[in-house]
Amino acid sequence: TLHPGPRTDWTHALQGRYPKWHCGNIQLEFGSCTGITGGGRWLQLGDWRIAGVDNSHFSISHRNGQTAQIYRSDGTVHPGPRTDYNVWGWQGEYHDTQVKFGDHFLQLGEFRLGQVDDTHFSISHSGGQTIMIFRSDGTLHGGPRTDYNLWWKALGEPIGVTFGDRFVQIGKFRLGDVDSTHFSVSHVGGQTIQIYRDDGTLHPGPRTDYTTFGRPLEECFVVAP
């Protein structure tokens, strides 16, 4: 039987499911992800790159040269506007290895980004420091701290990680290029937790604009440019 709309029920059943990014033979079955390329230490989402610049620094930077945020291995954050630790000068570097994954996280060099639980998303370093926690209520909780760290998990199949048009979804959280000018971290519940702007400034939540939720997921794979 058919039960047509307009209606607003039954969407929760889909939103509550964890997506799954499959590896292996997917490269033979599907095309590359829209607006996404990557290597062992960096991932490009539209006009933004997130990268483990070196063993101590993780950055979010725009193709125009601005670095909006640096996350450091000692658990501290260093906001823009600034132009250092920007990886848009990288051309062929680090294309020889793939982005690493595991259960609800991705790894870029010595840094991991991922969902700790349905409420918390974190950026953490292999040395044990958690640099930033993004919470589903739209608030930020910075380090240095050692809880909500993702490094106890093993590398393996990328469970709960998938991609779409210029975004990556990990569990119930999305990171992505909203409109070239804005990059955001948002939650499926509706909150945008952090906005990074191409002028190097930060605009934290709680807020509900500049989210990438609403775009469809894609069955695709990440390739180097």
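Guide: A salt bridge is a side-chain nitrogen of Lys or Arg within 4 Å of a carboxyl oxygen of Asp or Glu. Keep that in mind as we look at this predicted model, where local features need pLDDT of at least 70, side-chain atom pairs count only at pLDDT 80 or more, and totals for chains, interfaces and linings use all residues. Residues are numbered from 1 along each chain as its sequence is written, and side-chain values use heavy atoms, with hydrogens and water left out.

Visitor: Okay, which residue does Arg166 meet in a salt bridge?
Guide: Look at the side chains here: N to O, the pair sits at 2.8 Å. Arg166 is partly exposed at 22% relative accessibility, where partly exposed lies between buried (under 20% relative accessible area) and exposed (over 50%), with a 1.4 Å probe and protein chains only. The partner is partly exposed with a relative accessible area of 22%, and its name is Asp165.

Visitor: How many salt bridges does a search of the whole structure find?
Guide: One of them joins Asp137 to Arg135, with the closest N and O atoms 2.8 Å apart. Asp137 is partly exposed at 32%, and Arg135 is partly exposed at 28%. For the whole structure, the search gives a total of eight.

Visitor: How far apart are N and O in the salt bridge of Arg63 and Asp47?
Guide: This pair links distant parts of the chain, 16 residues apart: Arg63 is in the loop between strands S4 and S5, and Asp47 is in the loop between S2 and S3. A strand here is a DSSP run of E with at least two residues, a helix is a run of H or I with at least four, and both are numbered from the N terminus. Arg63 counts as partly exposed at 45%. From N to O, the distance is 2.6 Å.

Visitor: Which residue in S9 is the bridge partner of Leu106?
Guide: Strand S8 (residues 105–108) runs antiparallel to S9, and four bridges join them; two strands pair if DSSP finds at least two bridges between them. Their hairpin has two residues between the strands, and Gly109 takes a positive phi near 65°. In S9, the partner of Leu106 is Leu113.

Visitor: And which residue in S10 is the bridge partner of Phe111?
Guide: S9 and S10 (residues 120–125) run antiparallel, joined by five bridges. A hairpin connects them through four residues. The partner of Phe111 in S10 is His125.

Visitor: How far apart in space are Ser124 and Asp147?
Guide: Ser124 belongs to strand S10 and is buried at 0% relative accessibility. Its contacts (heavy atoms within 4.5 Å), not counting residues up to four places away in sequence, include Phe111, Asn149 and Trp151. Ser124 and Asp147 are 23 residues apart in sequence, and C-alpha to C-alpha they are separated by 9.4 Å.

Visitor: Which strands stand at the edges, each with a single partner strand?
Guide: The open sheet has seven strands in the order S18-S17-S16-S15-S14-S13-S19, with antiparallel pairing. At the end where S13 (residues 161–164) pairs with S19 over two bridges, Gly164 stands opposite Leu217. One side of each edge strand is left without a neighbour in the sheet, because each has a single partner; the two are S18 and S19.

Visitor: How many residues does the largest nonpolar core have?
Guide: A nonpolar core is a set of buried Ala, Val, Leu, Ile, Met, Phe, Trp, Tyr and Cys residues joined through side-chain atoms within 4.5 Å. Among the residues with the most contacts inside the largest one are Phe58, Leu106 and Leu113. Phe58 touches Tyr71, Leu113 and Ile123, among others. The size of this core, in residues, is 31.

Visitor: What share of the 225 residues counts as buried?
Guide: For the protein chain, the share is 47%.
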